[in-house]
Amino acid sequence: MAIQDLLHGLNAEQSAAVTAGNGPVLVVAGPGSGKTRVLSHRVAYLIQEEHVSPDRILAVTFTNKAAREMRDRIERLLGTGGAASGLVMGTFHSIGVRFLRQNPGIVSDRLGILPNFLIYDDGDQMDLAKKAVIAVGMDPRQLAPRRMLSRVSAAKSMLISPSEFARDHITNYDDEIVSRVYAEYDRALRKANAVDFDDLLVLPLQLFDAAPKLLEVYQERFLHVLVDEYQDTNRVQYILVSALSAKHRNLFVVGDPDQSIYAWRQADIRNILDFEQDFPDAKRVHLEINYRSTARIVATADRVIRDNKQRIERLLRTENSDGEHVIVRELSDQNHEAQFIVGEIRRLLNGHGVTPEQVAVMYRTTAQSRVLEEAFRISDIPYKIVGGLRFYERKEVKDVLAVFKLLYNPADEISLARIVDNLPLGRGLGPKAVDNVRTWATLNNLTLSEAFMALPGNPGGPELSGSGKAAALKLGSVLANLRQRSTELTLSHLFDAVVEDTGYKGSFDHDSEEEMQRWSNVLELRSDLTRYDEMSPADALPAYLEQVALVADVDQLDANDRGHVTLITLHSAKGLEFPVVFITGLEEGLLPINRAIEAEFQDPQPIEEERRLFYVGITRAEKLLYITYTGMRMLYGRTQMSAPSRFLASLPEQHIKSLGTRHAGINQHRQPSLMERAKQTASGLPQATVRSMSAAPVIPPPRTYAVGERVFHPKFGEGVIGEAIDRRSDQELAVDFARHGRKRLLASLAQLDLIE
DNA sequence: GCGCGACTAGGCGGG
DNA sequence: CTAGTCGCGC
């Protein structure tokens, strides 16, 4: 492909970013401004025009899905298949684990982590944190392991080691506990030969510290380092990319400070704000034309984000047509909210040319998805929930995976404990028997599971009662047998052996619908495993376990996986786009969330982050945007009156159509100030009529259709325009399809192509 | 050692 | 409300 083709369709700013020369580059990219496009074109440009070998480019994305899509795009741009192979691309975590796996010798010598280390998921980390809390003599019920974990995670992301924490970061009793739990947690993690998510970023840095020569090798190799969603990087990630790009200094970062929504995960917005201080010779490019959304949606987003105080003033503009008004709707409670959404989606699906996959329903908390899911289940609209309980976090799936993990890493006591507690194989073994085996294991310098496996050959081993002894022997012999077979069997056959030999398969009650559902989840795991059957058993097991640990919810959203409405949290929705978006629960306490409101007087940051989250949601919408809130909501089992979110007051009147009884712009939860009352009186609020657009931007006319023209629709196929009614900024069409008869569609929504 | 009902604390976001 | 834990009786 020629250079002009590589730059074809890019605007001036996008081209400038793509073709920027060497040195640090900061791309500040508004929503829908084509940043993924810029990144892919940049990589393709480097390979093709600058003749950079793909394996000398490192590209970091926020999700695996984004990495996948970008790779596809680059392949397409470069034409020939495989042209992008060798590119190092993925999330920070997957790149981190790659560094560790590539250097097993140094990792094991210097960091004490054996090559068969496991990545502990959230649940494993929780179990370990709980044990750590108990080990330091505290009660896990009062200490909230979850809170401990987040403190530990925060420390790790700021590169504070347990000993540094103990030395420099204790200011009160609470810190004292955290410090001890942190030390114990990390010790237990190493003992289990496991790492947590933060370790995947921290350990590579420790690796580089321990082996500076190795860092030099990587520094030399990576001629170009590109980072997406830079506003959401934390300190460790910042240091990692700085270190890797230090030699050639070709660091290309893309981000949007207004979309920074991960401060709670220690993302540090200063990384992007201070980029030019860190790299004084940095070039800066702004992408501010939005290609995604209608002018009304862009104007709404812009108006909402402007009310943040701590913000760099920025432009957001579009050349797109006005589109429809943003619909704001008040409902009496969450059930009516769900009903409204389902009803509205049904209306759009029937005859407005909308297909289910074009629609997303977004919410602040996963708890909100339950009511929505219920409404969708009753309706005949296909839907899919992203997030919530992940597949791999389901109890029955974790139970089986625990066996796989233990077979791979015998030091993994957390998994062994799962097996003992949850599988029929562990029946008859209580804490006492396990403790006795552990004592014996320690004496003989074995891991706990190795000790169990050694039992059949050492009948005189640990002290055990008659029944406990039989159970322990059984466990040991089954594990030893599975372990031996794990090197020969494909993963799906290993699965069969595991569910059979542990008695798990037989433990599901065939008369219980619920248990049969759980068993079918277990079987789904089996079909997941067959994807690895081509690989040699020795490689498949670690590859599969790694995939399980690093796959995110959004990663499983597949572009080919069509035909359903998406239910998703606002956080997960970052980076996605949908023609039709519903943002639900615009209420004080939910969006903004209570925590942020409580902190508001000491610290305005959390509220500002909530507003950015709302902004992220708004900017996901291409054509139609609905915003809903309720007057009453059941939360944590109690029904409470809910006040409309303060963010509703930022919505620009001229672009919204308010269908509620109360006007969206007025907060009901507090007395309006005199000024506000004055303004309300002046403008005649509350009111629900649509006000005409004031100071409308110059907008190019949208594509229009005429009666008789032939068109193609992705779902209905070929058709002829039968009627065309002009609306303010759109056309309502009646199209006669050859195979589906007459459908009424909105020109802006239906993905029609004119057939010449 | 297991299974059950009673009780309590938390209550968001995710690689 | 729901998940997790306690404490009891078996």
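In which sense do strand β11 and β16 pair, and over how many bridges? Strand β11, residues 326–333, and β16 pair in the parallel sense, over six bridges. Two strands are said to pair if DSSP finds at least two bridges between them.

Before I continue, a word on conventions. This is a predicted model, in which local features need pLDDT of at least 70 and side-chain atom pairs count only at pLDDT 80 or more, while totals for chains, interfaces and linings use all residues. Residues are numbered from 1 along each chain as its sequence is written, chains are lettered from A and ligands numbered from 1 in the order in which they are written, and side-chain values use heavy atoms, with hydrogens and water left out. Helices (H or I, at least four residues) and strands (E, at least two) are DSSP runs, numbered from the N terminus.

Chain A as a whole contains 31 helices and 23 strands. Of its 756 residues, 54% count as buried. Buried here means under 20% relative accessible area, exposed means over 50%, and partly exposed lies in between, with a 1.4 Å probe and protein chains only. As for contacts, meaning heavy atoms within 4.5 Å, those in chain A between residues at least 6 apart in sequence join residues at least 24 apart in 73% of cases.

Let me return to β16. Strand β17, residues 638–641, runs antiparallel to β16 and is joined to it by four bridges. The bridge partner of M632 in β17 is M641.

I turn now to another sheet. Six strands form an open, parallel sheet in the order β3-β2-β6-β7-β1-β8. Which strands stand at the edges? They are β3 (88–90) and β8 (283–287), each with a single partner strand, so one side of each is left without a neighbour in the sheet. Neighbouring strands of this sheet are turned by 10° against each other on average, direction ignored; the axes are lines fitted to C-alpha atoms, for helices over the stretch in contact, and angles run from 0 to 180 degrees between N-to-C directions.

Within this sheet, consider β2, residues 57–60. Both of its faces are covered: I57 and A59 are buried on one side, L58 and V60 on the other. Three bridges join β2 to β3 in parallel, with L58 opposite V88. Towards β6, residues 224–227, β2 has four bridges, again parallel, and I57 has H224 as its bridge partner.

Next, the helices. In α19, residues 369–378, the buried residues are S369, L372, A375 and F376. Why do they lie on the same side of α19? They cover an arc of only 125° around the axis, which puts them there; the arc is that of the directions from the helix axis to the C-beta atoms. In general, an α-helix has 3.6 residues a turn, so residues three or four places apart point the same way. The face of α19 turned away from the buried side carries the exposed residues R370, R377 and I378. The cover over the buried residues of α19 includes α18 (334–349), β12 (359–363), β13 (383–385) and β14 (565–569).

A helix pair comes next. The axes of α24 (residues 466–485) and α25 (residues 491–501) come within 11 Å and cross at roughly 175°. That makes α24 roughly antiparallel to α25, a term used for angles over 145 degrees, with under 35 counted as roughly parallel, 65 to 115 as roughly perpendicular and the rest as oblique. V478, N481, L482 and R485 of α24 meet L494, A497, V498 and D501 of α25.

I close with two single residues. E396 lies in helix α20, residues 395–408, and is buried, with a relative accessible area of 5%. Leaving aside neighbours within four places in sequence, E396 is in contact with Y504, R518, N521 and V522. K657, in strand β18 (residues 656–658), counts as partly exposed at 31% relative accessibility.
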